[in-house]
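My notes follow in the order in which I looked.

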Amino acid sequence: MSEEKRRLGDNQNPVTDGAISFIKNIYESLIVQKKHCAGAVLGKNKTARDNAAMNSIAQINGVLSDLEPWKKVIEAKENG
């Protein structure tokens with residue numbers, strides 16, 4: 001019986017690690033998005049609200065561009 005020695009990283013899955021990192025980035029982006037939305041609604045003056053709304057749009061566009069490659073994967077899975 002040959003017993004293989006375990007090496008550093010044997011219990012790691014790069015796909016899983018990448019997915020977890022990707023989800024963490026989306027989560028952190030949503031926290032920033034929530035802050036911008038609150039500022040757009042609750043800002044103390046029109047300029048502050050307008051700036052927060054523009055930052056909100058920019059944040060949403062960033063998240064959507066990060067998710068764009070996954071759209072093709074999702075469509076492929078739906079189509080079998």
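Before looking for patches I wrote down the rule: a patch is made of residues with over 30% relative accessible area and no salt bridge, like charges being joined within 9 Å and nonpolar side chains (Val, Leu, Ile, Met, Phe, Trp, Tyr) within 5 Å. A salt bridge here is a side-chain nitrogen of Lys or Arg within 4 Å of a carboxyl oxygen of Asp or Glu, and accessible areas come from the Shrake-Rupley method with a 1.4 Å probe, only the protein chains shown counting as cover for residues.

I noted that this is a predicted model, in which local features need pLDDT of at least 70 and side-chain atom pairs count only at pLDDT 80 or more, while totals for chains, interfaces and linings use all residues. Residues are numbered from 1 along each chain as its sequence is written, and side-chain values use heavy atoms, with hydrogens and water left out.

I found a nonpolar surface patch of about 520 Å², made by Ile 60, Leu 64, Leu 67, Trp 70, Val 73 and Ile 74. Ile 74 lies in helix H2, residues 46-78 (helices are DSSP runs of H or I with at least four residues, strands runs of E with at least two, numbered from the N terminus). Ile 74 is partly exposed, at a relative accessible area of 46% (buried is under 20%, exposed over 50%, partly exposed in between).

I then looked inward and saw that Ala 52, Ser 56, Gln 59 and Val 63 of H2 are buried, and that the buried residues of H2 pack against helix H1 (14-42), contact meaning heavy atoms within 4.5 Å.

For the whole protein I recorded two helices and zero strands, with buried residues making up 10% of the 80 residues.

How values were computed:
Buried means under 20% relative accessible area, exposed over 50%, partly exposed in between (1.4 Å probe, protein chains only).
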